[in-house]
Amino acid sequence: MSTADTRQGLHVENLEVAYNGVPAVRGISFEVNAGEAIGLIGPNGAGKSSTLLAIMGATPRSGLVTVHGNDISGLAPEKVVRTGLALVPEGRHVFTELSVMDNLRLGAVARRDKSSYKEALEHVLDLFPILRDFGHRHAGLLSGGQQQQLAIGRALMSDPDILMLDEPSLGLSPTAVDTVFEALDVVRKAGKAVLIVEQRAEFTIAFSDRTYVLHDGVITLSLKPEDAENVEVLTEAYFG
Ligand SMILES: Nc1ncnc2c1ncn2[C@@H]1O[C@H](COP(=O)(O)OP(=O)(O)OP(=O)(O)O)[C@@H](O)[C@H]1O
Ligand SMILES: [Mg+2]
């Protein structure tokens, strides 16, 4: 891709992942533009997590991945983070022995603009007030929903342009899911690009500006919010 490419956001072209020669992602292409929330849904083993890990450079892959038009395909994860991509992994992985504030501080290590750290912290604490209230608590003492808020807050502390989340609703109460997705809506409206991997099809289709359906490593459908009420389309999305 030429340096004259001025597209904003994340562009993935012909991404492939294989484990020991067995394909998990078979040449998918999609884009997530600034200010959009994009869903990626599909059954167990469809290749959703592999797609996110491949974009982050955390698993061997081929194909082209660009951020704001810049090719990041060959970069290692620590370099990828500095291009403005952040991943909230499945299962959250907060540092349970550290305080909430220390978890957030660690998220800021990859910040490109170190000077605005305090502003970023205030922004995250405004987005998730519970983190302000429990700032000095060990993260391991938080509920699952609170830990998910912390994991997202930590990712936001690196000041990403593109936020990716692997099954953020997994194991959360309905109230906690609402809190998380209300925050993701704020993040999208603030102009960031959001890529959400989920198993909950209807919910994700309704929330996202566009939802890609992944089956056995291939994108089989691209859905719009109104498709969340279309039973035929949903059946296709589930059973492909
Ligand atoms: N580290 C690995 N080594 C070998 N095979 C793997 C590895 N990670 C994933 N796979 C395989 O790759 C395929 C895609 O897995 P992936 O975890 O990307 O799917 P997923 O859509 O995220 O599934 P889930 O909904 O269960 O999280 C599956 O067949 C899985 O068994
Ligand atoms: Mg997964």
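This is a predicted model: local features need pLDDT of at least 70, side-chain atom pairs count only at pLDDT 80 or more; totals for chains, interfaces and linings use all residues.
Biologist: Which residues surround ligand 1?

Modeller: The shell around ligand 1 consists of Tyr19, Ala24, Gly42, Asn44, Gly45, Ala46, Gly47, Lys48, Ser49, Ser50 and Gln199.

Biologist: And how does that shell divide by class?

Modeller: Seven residues of the shell around ligand 1 are polar, three are nonpolar and one is charged.

Biologist: Take Ile162: what is it in contact with, leaving aside neighbours within four places in sequence?

Modeller: With those neighbours left aside, Ile162 is in contact with Gly9, Leu10, Val32, Val67, Gly84, Leu85, Lys192, Ala193 and Leu195.

Biologist: Now the helices. At what angle do α3 and α6 cross?

Modeller: The axes of helix α3 (residues 100-107) and helix α6 (residues 144-156) cross at roughly 35° and come within 7 Å. The crossing of α3 past α6 is right-handed.

Biologist: Which residues meet there?

Modeller: From α3, Val100, Asn103, Leu104, Leu106 and Gly107 meet Leu150, Gly153, Arg154 and Ala155 of α6. By class, the residues of this contact are five nonpolar, three polar and one charged.

Biologist: Where does Leu223 lie, and is it buried or exposed?

Modeller: Leu223 lies in strand β10 (residues 218-223). Leu223 counts as buried because 23 other C-beta atoms lie within 10 Å, and the cut-off for buried is 20 or more.

Biologist: What does Leu223 contact beyond its neighbours within four places in sequence?

Modeller: Leu223 is in contact with Ile205, Thr211, Val213, Val233 and Ala237. Leu223 and Asp209, 14 residues apart in sequence, are 8.6 Å apart in space from C-alpha to C-alpha.

Biologist: A change of topic: what is phi for Asn14?

Modeller: Asn14 has a positive phi of about 55°, although it is not a glycine. Most residues other than glycine have a negative phi. Asn14 is placed in strand β1 (residues 10-19), and it counts as exposed because it has 11 C-beta neighbours inside 10 Å.

Biologist: And what about phi of His68?

Modeller: His68, also a residue other than glycine, has a positive phi near 50°. His68 is in the loop between β4 (62-67) and β5 (70-71). With 18 C-beta neighbours inside 10 Å, His68 counts as partly exposed.

Methods
Residues are numbered from 1 along each chain as its sequence is written. Chains are lettered from A and ligands numbered from 1 in the order in which they are written. A residue is near a molecule or strand if its C-beta atom, placed from the backbone, lies within 6 Å of it. Ala, Val, Leu, Ile, Met, Phe, Trp, Tyr, Cys and Pro count as nonpolar, Asp, Glu, Lys and Arg as charged, and the others, Gly among them, as polar. Two residues are in contact if their C-beta atoms, placed from the backbone, lie within 7 Å. Axes are lines fitted to C-alpha atoms, for helices over the stretch in contact, and angles run from 0 to 180 degrees between N-to-C directions. Helices (H or I, at least four residues) and strands (E, at least two) are DSSP runs, numbered from the N terminus. A crossing is left-handed if the near helix is turned anticlockwise from the far one by less than a right angle, and right-handed if clockwise. A residue is buried if 20 or more other C-beta atoms lie within 10 Å of its own, exposed if 12 or fewer, and partly exposed in between; C-beta atoms are placed from the backbone.
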